[in-house]
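Welcome! Please take a moment to look over the sequence and the structure before reading on.

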Amino acid sequence: MVKICCIGAGYVGGPTMAVIALKCPSIEVAVVDISVPRINAWNSDQLPIYEPGLEDVVKQCRGKNLFFSTDVEKHVSEADIIFVSVNTPTKTRGLGAGKAADLTYWESAARMIADVSKSNKIVVEKSTVPVKTAEAIEKILTHNSKGIHFQILSNPEFLAEGTAIQDLLKPDRVLIGGRETPGGRKAIQALKDVYAQWVPEDRIIATNLWSAELSKLAANAFLAQRISSVNAMSALCEATGADVSQVSHAVGKDSRIGPKFLNASVGFGGSCFQKDILNLIYICECNGLPEVANYWKQVIKVNDYQKNRFVNRVVSSMFNTVSGKKIAALGFAFKKDTGDTRETPAIDVCKGLLGDGARVSIYDPQVSEDQIQRDLSMNKFDWDHPLHLQPMSPTAVKQVSVVWDAYVATKDAHGICILTEWDEFKTLDYQRIYDNMRKPAFVFDGRNIVNVKKLREIGFIVYSIGKPLDPWLKDMPAMA
Ligand code: NAD
Ligand code: UGA
C-alpha cells in the first residue's frame with residue numbers, strides 16, 4: 001500500500017489530503033502538524049476550518065485511510081510520498097523583510113525529513129514557494145541523506161477557499177514539476193498515478209521544477225491583477241457616471257478576456273494574493289528586473305488605494321468624521337463561505353474607521369469575536385505562523401463589539417459597511433434595519449450586493465463601489 005504523509009494540516013493540507021483519501025481508497029494518507037489543537041480539531045466533530053462539503057469528505061475517510069496526527073516523525077518515516085504544506089509567510093525581519101518568503105517552516109520540515117527517513121522518498125512542494133526553492137530543499141536533503149534518495153517535485157495548489165472541495169474534485173489542471181532525469185520522470189509518474197485516479201489525464205500537466213514553482217506565483221499575480229484592474233476602473237466609473245458592473249460585463253464578453261474575476265470590490269484579501277505578489281516582486285528585484293517588479297507592485301498599490309478610498313468615502317459622506325459614531329460592519333471574512341480572515345480587507349477598513357474615532361459593531365456568520373480581536377490587534381504578517389507561535393492574548397480593541405446578528409450590529413448605527421458578500425446580507429429586512437438606525441442612515445456596499453434602488457426608496461443614502469453616485473455623495477471628494 002502506498003503511504004502518503006502531508007506535513008501541515010491547514011487550509012491546503014487538510015482538504016487536499018481528504019480528497020486524495022476519498023479518491024484513492026488504496027492509499028493511506030496521514031496529515032501531521034506541530035499544532036496539537038489543530039490536529040485535535042481535525043479528529044473532532046468541529047473541524048478547524050469551515051469549507052462547504054469538507055466535513056462530508058472527512059467523515060467518509062477518517063479512521064479508514066485518512067488519519068490526523070501530531071506524531072510527525074513516525075508518519076514521515078513510513079511514507080513513500082511526503083507533501084509539505086506548511087506556512088510560507090512574508091518575512092518581517094532581515095534580508096528581504098516585507099517582501100521575501102520566510103522559509104523557516106519549510107526548512108525545518110526538510111531537515112526533519114532528512115533526519116528521520118530510512119527509505120527513498122518523493123518530497124512534494126505543496127506550499128507556495130519562491131522559484132528555485134526545490135534546489136535549496138534538495139541540498140538540505142542530500143547533505144543529510146545517509147545514502148537515501150530523495151526526489152523533489154513541485155505540485156502547487158490552485159484551490160480557492162469556499163470552493164476548495166469542488167476545485168479539488170474537478171481541478172482546471174494539476175501541475176507537477178520535476179527534474180528532467182530518469183529519477184525525476186519516475187517521481188512525476190508516481191504522483192501522476194495518484195491524481196489520475198480521478199483527474200482526466202489531459203488536465204495533469206508535467207513541467208520542469210522552475211516552471212511549476214513560477215506558474216503558481218504567476219497565476220495568483222494574474223488573478224489579483226484582474227481585480228486591481230477592475231477596481232481601478234471602479235474609481236473612474238464613480239468619477240464619470242459609468243457603472244462598473246456594466247463595464248465588467250461588456251469587457252468580459254470578449255472571449256479573449258472572459259467574464260470571471262471582474263467583480264469590483266473593497267479590495268482583494270486572503271492569505272496568498274498579496275504574499276505571493278510580494279514574493280514575486282522580491283524575486284524580480286533579486287534577478288535585476290526592477291521594471292518587472294514595479295509592474296507587479298502596482299497591483300498591490302491599487303488594492304491598498306481601493307481600501308483607503310472606501311474608508312475615505314465613509315468618512316467624507318458622514319460629514320467628514322465618524323468620531324463617536326456607531327458603524328456596523330457586515331462581514332469580516334475575506335470572502336463568503338469561509339471563516340478565514342487572513343489579510344481580509346475588513347481589517348484595513350475597520351482600522352481606518354477606528355482611526356477616525358468610530359465605534360465598530362461587527363457581525364460575520366463564521367468569524368468569532370476572538371479571531372476579530374486578534375486580527376485587529378496583530379501586526380502585519382504576524383498571522384501567517386503556526387497558531388502557538390502567534391502573539392499571545394493581544395489586548396482587546398475597546399471600540400469594537402462583535403455580535404451574532406446583523407440586526408443587533410446595525411441597531412442605532414449611523415452607517416453600515418458591507419465587507420463580505422455573504423448571501424444572507426442580500427435578503428436582510430432593510431426596512432427594519434433602517435427604522436432602527438440613526439438618520440441620515442448610510443449603506444456603504446463594498447461588495448455590490450444590495451439592491452441600491454430599493455434601499456434608496458427606503459431612505460438610505462447608498463454608496464456602491466464603481467456605481468453612479470448617490471446625489472448626497474456627488475460633491476464629496478473620493479480621496480481626502
Ligand atoms: P495554514 O496556516 O492553514 O497551514 C499550515 C500548517 O502548517 C499549520 O497548521 C502549521 O501549524 C503547520 N506547520 C508549520 N510548520 C510545521 C512543521 N515544521 N511541521 C509540521 N507542521 C507545521 O496555511 P495554508 O493556508 O494551508 O497554506 C499553506 C501553504 O499553501 C502556503 O504556502 C500557502 O501559500 C499555500 N496555499 C494556500 C492556499 C489557500 O487557499 N489557503 C491555496 C494554495 C496554496
Ligand atoms: C486564490 C486563488 O483564486 C486560488 O487559485 C489560489 O490557489 C489561492 O488564492 C491561493 O494561492 O491561496 P482565494 O484567495 O482562496 O484563492 O480566493 P479568491 O476567490 O481568489 O478570492 C481572493 C480575494 O479576491 C477575495 O477577497 C475576493 O473577495 C476577491 N475577489 C475575487 C474580488 O474582489 N473580485 C473578484 O472578481 C474575485
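## Two domains

Bear in mind that this is a predicted model. Its chain is divided into domain 1, spanning 3-199, and domain 2, spanning 251-473. Between the C-alpha centres of domain 1 and domain 2 there are 32 Å. Their contact draws 21 residues from domain 1 and 22 residues from domain 2. On the side of domain 1 that touches domain 2, you will find 10 nonpolar, 7 polar and 4 charged residues.

## The shell around ligand 2

Which residues come nearest to ligand 2? Of the 21 residues around ligand 2, these are Asn263, Ser265, Phe268, Gly270 and Cys272. By residue class, the shell around ligand 2 consists of 11 nonpolar, 7 polar and 3 charged residues.

Both domains take part here: domain 1 (3-199) and domain 2 (251-473) each supply at least three residues to the shell around ligand 2.

## Helix α1

Is helix α1, made of residues 13-23, mostly covered or mostly open? Helix α1 is mostly covered, with 10 of its 11 residues buried.

Technical notes: Residues numbered from 1 in each chain as written. Chains lettered and ligands numbered in written order. Predicted model: local features only at pLDDT ≥ 70, side-chain atom pairs only at ≥ 80, totals over all residues. Near = placed C-beta within 6 Å. Nonpolar A, V, L, I, M, F, W, Y, C, P; charged D, E, K, R; others polar. Domains from an automatic or database assignment. Contact = placed C-beta atoms within 7 Å. Buried ≥ 20, exposed ≤ 12 C-beta atoms within 10 Å, placed from the backbone. Helix = DSSP H or I, 4+ residues; strand = E, 2+ residues; numbered from the N terminus.
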